[in-house]
Amino acid sequence: MADKKENSHEWDQRHYSAHLLNIIFALSSLIFLASMILMFWKDYDREWRTHQRSFRQVELAKTQEALAIEQERLTSASSYTTLSNRVAELEAAQAAQKSELDAMAVDRDKADKKLGVATQDLNFEKAEASAMRYRVEAAHGEHDHKAEALRAAYEKLTLSVSTKSSVVDGLQAELEALTAAMTARTAAVDEARKELGKVTLQRDLLALRLSKLDPSKMDVATRLGDTVRDLPLMDALNPRYNIRDHQIIVEGITEDLIFDRVPRVDRCTVCHLGIDRKGFEDQPNPFKTHPDLDLFLGLSSPHPLKEFGCTSCHGGRGRGTSFTSAAHMPRSPEQAAEWKEEYGWHELHHWDRPMRPAQYTQAGCFECHSGASQTTGADSLNLGLAVVERAGCYGCHEIEKYVGRSRVGPTLQHIASKVTPQWAYHWLNDPKGFRDHTWMPSFFNQTNNSDIKDRTDQEANAMVQYLMRESRAHEAAHESMPTGDAERGRVLTRSLGCQGCHMLDGETYPETLTIQSLRRQQGPGLTGIGSKTTALWVFNWLKDPRAYHPATRMPNLRLSDQEAADTAAYLVSSRKDDFAATPPPAPAAEALDAIALEFMVPGMTRAQATQALATMSLDEKQQYCGSKLIRRYGCFGCHDIPGFEDARPIGTTLNEIADKSISKLDFGLQHDLPHINYAWFEQKLANPRLFDEGMVKEPKDRLRMPNFHLEPAAINAVVTALLGFTKPDDELKKMVPRTPRRIFVEKGEALAGELNCRGCHVLRGDGGAIKDSVAYWLEHIKTNSDASEEDDSGEDDGWGEEEEEIDVAALARAYSPPNLTGEGAKVQPTWLFHFLQAPETIRPWLTLRMPSYGLSDDQLNTLTAFFSYDAEKPFPFVSQTVVDTNSAAYAAGREMFSPSAMSCARCHITGGQTPIGSSEDNWAPDLAKAHARLRGDWILTWLQNPQAIEPGTKMPMYWAPGEQSPVPHLDGDPQRQREAIRDYMFSLGNTQ
Amino acid sequence: MNLKTSGAVVALCLVGSILSTAVAGTIEGTVTYKGKPRPAKTISTDADPVCSMSHEAIKDEKFVVGEGTDGVYPMGNIFVYVKSGYAEHPYPAATGPLVIDQKGCTYVPHVSGARVGQEVEFKNSDPTMHNVHSLGKNSPAFNRGMPAGAPNAGYAFKAPEVMVKIKCDAHPWMSCYVGVLDHPFFAVTETDGKFSIAGLDDGTYVVETWQELLGTLTGSVTVKDGSGTLDIQYTRDK
Ligand SMILES: [Cu+2]
C-alpha cells in the first residue's frame, strides 16, 4: 500500500496474466448475468403464468359477454325500464329544484355551524361550572368565609349553563328540521335508486368484476400498477399472476414427505382456473369447468374443493405446476404421443401415485367408498364391481371386499344327476359354443393351448370323469311330474318375473353391457336346457332350488306342481343337440401318463413315478389327473366340488393390485405395450393368455386364467375397479364417516346386490331391470289372454278395436314390481321382516311373484335395518297407532272413506274384496292390511301429496295446498281429516 | 307543396297500417266425415251405481257427427287450431277460466281448448267421487280427487300440448281432451262441423284438426282482405 509503484511492479511480476483474468472475470460475469436473466425469464415464462394470462382474457371476454346479455335482459325487462325511467324523472325533477335545494343546503350548513359554536360555548360554560362546584365544595370543607360568595357565582354559572343548553337544543332541532326537509325532497330519488339497484344487482356485480379485469376500465395509476406488478423481476413482490392465491391446502389430508406428514397442497387450480366455476364448460382444458359441479367442488356439494382438493380423487402430484410435473397420465399411447409433441410431456417415474387417466378416474371413488356397492355418479366403477361379482373373480383372487361370499357357479356335488358326461365334456371345452353369453369362462382352445388340443381334450375329459365319479347321490323330492304344457310355461316364464334374473331363449342381449343388463344375467341364460338336462330335473329344481344347491341364489317361486311342470316343459323345449353330439375322446394312456408325471415328479423320482403309474389302471390315471387338474385350474373357486370343499383360491390376491410394482407384472414379449399397469390389466382381461405369446413354455407352466370374453365396456369397468384396489389410506377413509346409517346401508346394499333385488325393483332410484320385459308381457302376452277371454258379442261395425288408446306407461307401472325407493319410510320394520321371510300377496293383480329367498334371521335383519336406516326412520320398534272406534273422528273417517265421499274402495282392495267394475290395472293395495304394514306417519304424508312420493301414481290428491278441503268433516281441517281416514283404515281387518 | 303531399302520404300509410291490424281476418270452414260413420255407442256404467242412476244412458263421445247427406257428415268434437303462420309475439291472456264439468259421469265438454296459463276449473256436479287425472306430458302432474260436493279444483297448463288427455281412474270410460296453446287461434266444432277462428292478419296459415279416433289432418289457408275459408274432410278409406 505504501508504494504503489512497487505494488504495480509486483503485480506485473505475477505468474498469471491480469489481463486474461480480467477477460475471464468479464466473461463470467456476463455469463452470470445472462444466466440470471435466463433464470428470471424461465421463471417468468412458466406454463402456469401463460395459462393465467390467457385465462384472464377468457374471463374478460366471458364477463363482457355476460354483462352485455344482462344489460340486454335489463333493457327488455319492463321493471328495469319503469324503474330507470322513474329514477331519471325524479332526478330531473330534483335538478329543477337545484337552486332551492342549494339554498336549503346553505341554510343547513349555517345552522350546523351555529350549532357548533353554541355547543362549544355551552361546553366551556359547563367546564367552568364544574370547576366552580369543586371550589365551592373545597371552601365549604375548609369553612372558608368565601364559600357563600362562591356558591352564588356557582348558581349563576348553573343558570347560564341551562340557558345555553336550551339554546343548543333549539339549534339542534332547527338543524334536524332542515335536514329532514332536505331528505324529504331527495327521499323519492334515493328510494327509486335503491329499487333500481336491486334489479341491476347482477349487472353491477359483473361491471365490478370487469373493472378489476379489464385494463381499459382502470384508471391510469391502477393500470400502470397492474402492468408493472407482473413485469419480470417485479413479479417477485405482489404479482397478479401467482400460485399462492390459487393453490389449495387441503384440510385434514396429509401426504408423505421423507419420514414426515405434511399437509397436502394441490396446485392444479393454478392452471385449471375455471374448474369450480360455472360458465367455462365450452372452454378447452385447462380452463374447462368440472363436468359435475353438483357432486364435486361446490361448497354445498358432498366433495367441496377446500376439503378434498383434486389429488384425493384424481391422484397425481398436487404440488406440480407444470403439465409434466403434475404427473398427468394419458388415456392411450396415441394421447401420450400427442402430449409429447404438444407439451413435451414425459412420465414422472419417481412419483408412485400418478394421475388416473381420464377413463379410469372413477377408480378414485373407491379409495373412500370401498364399503359401498353402488357409488353415486361412479357408473363405470359400479359396473366394474358388478362384473367382478358376476364373474366371481373373488373365487380365485382374494379381494377384501368380497371375503366370505359364496361361490358364483352351481354346485357340482351332484352333477351326475343333472348332466351327462358327454355334455359336461363339451361344456368344459367350449362353454360359449353352448351359450353365447355364459359367464362360465373358457379354459381351453385358447391362444396359448390350442396347439396342444389333443392333450387339453384329455385334460377336460379327465376332469369331467373325476366329477362324475365323485358326484354324490341326490334324492330328488319328486320322482315324477305332471305333464307340462310348454306354451303355458312360456307364458309363465314371462309373467312370473323370471326375467328379473334370467335372459330367456330368443331374447337379444344389448350391444354394450350395462349394470342394468347385467342384472338380467344374474342367473344363466335359459337356452338349450333340453340338451343339457331333463324336464324332471328342472321340475325338481324349480320346486325347491335349495334342495339341490343349498347355497344357490335362485329363490323359490312357490310354483304349483302344474306350474313347475309347464315351466319345465317350456324350458326343455329349447335345445341345442348338435353341441354335444360327439363322445369325448377315449382316455389315452400316453397323454395321461405325461400329465400325471408333471404332478408326481417333484415328490418322487421319475423312475418311481413311472413305476407307480405302471400299477394304475386307465381309470385310476384319469381319476388322478382329473383331481390334480381341478386343483391346477382352480375350478373350486366358483363351484362346490367333492374333495375340494375347503381348497384355497389359486390366483394372486387383488388387494392393493393397483399399487403393485410394474416390474412384478409380466409383460412377456409384449414390448409394444406401454409399461403402465392399466395397459397390462386391459390386455390381461381381453386375452388372459396373451403374455404367453411367443414364449416357449411347458404346458404346466402356461398361464391358466380363463377367458371371460369380456367386451370393451366391461373391461374398461373392471380395470376401473382394479385401479381402485389400492393400499387403504386411513385419512381418506375417514372422509366417509362410519355412521350407523352408512354401515347398515352398505351392508344392506351388498345383500340386495347378491339377491339381485334391482332385477325387479327400483331401489334407491336405481334398478327395475325387468321393466322392458313387463312392457313386452303387456303387449304380447296379456293382451292375447285378455282377448281370448272376451266374448265378442257385438256385430262388427267396421271400426275394429284400434280406437282404444292405451296409456302404455301407466299400464306398465300398474303391472311392474313396486318401486322400493323410500320403502323404509313406508312400511313397518316388523311387517317387512315377516314379508321378506314369507311373502304375502299385496297386489293380487300382479302376475309377477315375489319369491321366497329362505333368508336367515341375520339377513332379514340386515335388509329390514337397511330400509329403515336408508329412509332415516326409527328402527326397529315403531309405536302403534291407537284407534278409538267410539270417537267422532273415527265416525267421520268412516264416512270420508265411504262411496259418498272419497270412495277409497273404488280402487283399493279392502279385506280381499276387489273393487267392483274397476279393471285390474286400476286396483290398489288392500287397505285392510295397512294397519300391520304401513307406518302411520307415512300414510299422512302420502295422503297429503301422493305424486310427490310416487310420480305418475293413480292415487289422487284430495287436499291441495292452500285450498279448501273437498269434504266438510271435522271442521274441514285437512290434517284431522287425514288422521281420521288413516285411523278408520287401521281398524279395517284389525282383529285385535 | 311537395312537403304537404308527402305528409299526406305518410298520414295515409299510418291510417292504412292501423286499419290492417285493427280489422283482423277470420278463418271459417267445416269439418266433415265421408263414409259410414261409427255407430253411437252407449257406455255401461254398472261399475258405479250412482252413474247408472241417472236416467239417460251415457253416450260415448269419441266420434260425433251431425245429420249428413250423400255419405258426408259434419263432425263435432273436432279441435281446430292454427299450427303456424301466426306472429310469435305474446297474445293477451284469456278472459275467464275454462270450466270442465263432471256431470252424469262424463266430462262436459268432451273436447275443449285452453291457453297456457289460463285457469282451468274442474267442477263435480255428480253425487259421486271423480278424480281428474291429467296425462299431459308438458305440464306438471295433476291428479285431484273430487268427492261429491267438493269445491271446484283449479289448474293451469304450463306449456302448449295438443292434446292433453284427462281421465278419471274411478270411472275408466271417463275421459276428455284439452288442446293447450300459447295463442288464441283455435276452435272446437259442434255437430254442424263449423268453426271460425278470428283475429288473424292477412297471410297464409297452416291449420290442423284433431279427432280423437282419426288423428290429425292439416290444411293451408290464406286470409286475404280479412277472410279465408278451409274445409277439412276425414275419411277412413285407404
Ligand atoms: Cu269419475
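How exposed is Lys929(A), in relative accessible area? Lys929(A) comes out partly exposed, at 27% (buried is under 20% relative accessible area, exposed over 50%, partly exposed in between, with a 1.4 Å probe and protein chains only).

This is a predicted model, where local features need pLDDT of at least 70, side-chain atom pairs count only at pLDDT 80 or more, and totals for chains, interfaces and linings use all residues. Residues are numbered from 1 along each chain as its sequence is written, chains are lettered from A and ligands numbered from 1 in the order in which they are written, and side-chain values use heavy atoms, leaving out hydrogens and water.

**View 1. Lys929(A) pairs up with Glu840(A) in a salt bridge.** Here N and O sit 3.7 Å apart (a salt bridge is a side-chain nitrogen of Lys or Arg within 4 Å of a carboxyl oxygen of Asp or Glu). Glu840(A) is partly exposed, at 34% relative accessibility.

**View 2. Asp121(A) meets Lys164(A) in a salt bridge, 3.3 Å from N to O.** Asp121(A) belongs to helix H5 and Lys164(A) to helix H6, so the pair ties together parts 43 residues apart in sequence (helices are DSSP runs of H or I, at least four residues, numbered from the N terminus). Asp121(A) is partly exposed at 34%, and Lys164(A) is partly exposed at 23%.

**View 3. Asp971(A) and Arg976(A) form a salt bridge.** Their closest N and O atoms are 3.2 Å apart. Asp971(A) is exposed at 69%, while Arg976(A) is partly exposed at 37%.

**View 4. Salt bridges also join up into a network.** Arg741(A), Glu749(A), Arg758(A), Arg764(A) and Asp870(A) are the linked residues.

Conventions:
Helix = DSSP H or I, 4+ residues; strand = E, 2+ residues; numbered from the N terminus.
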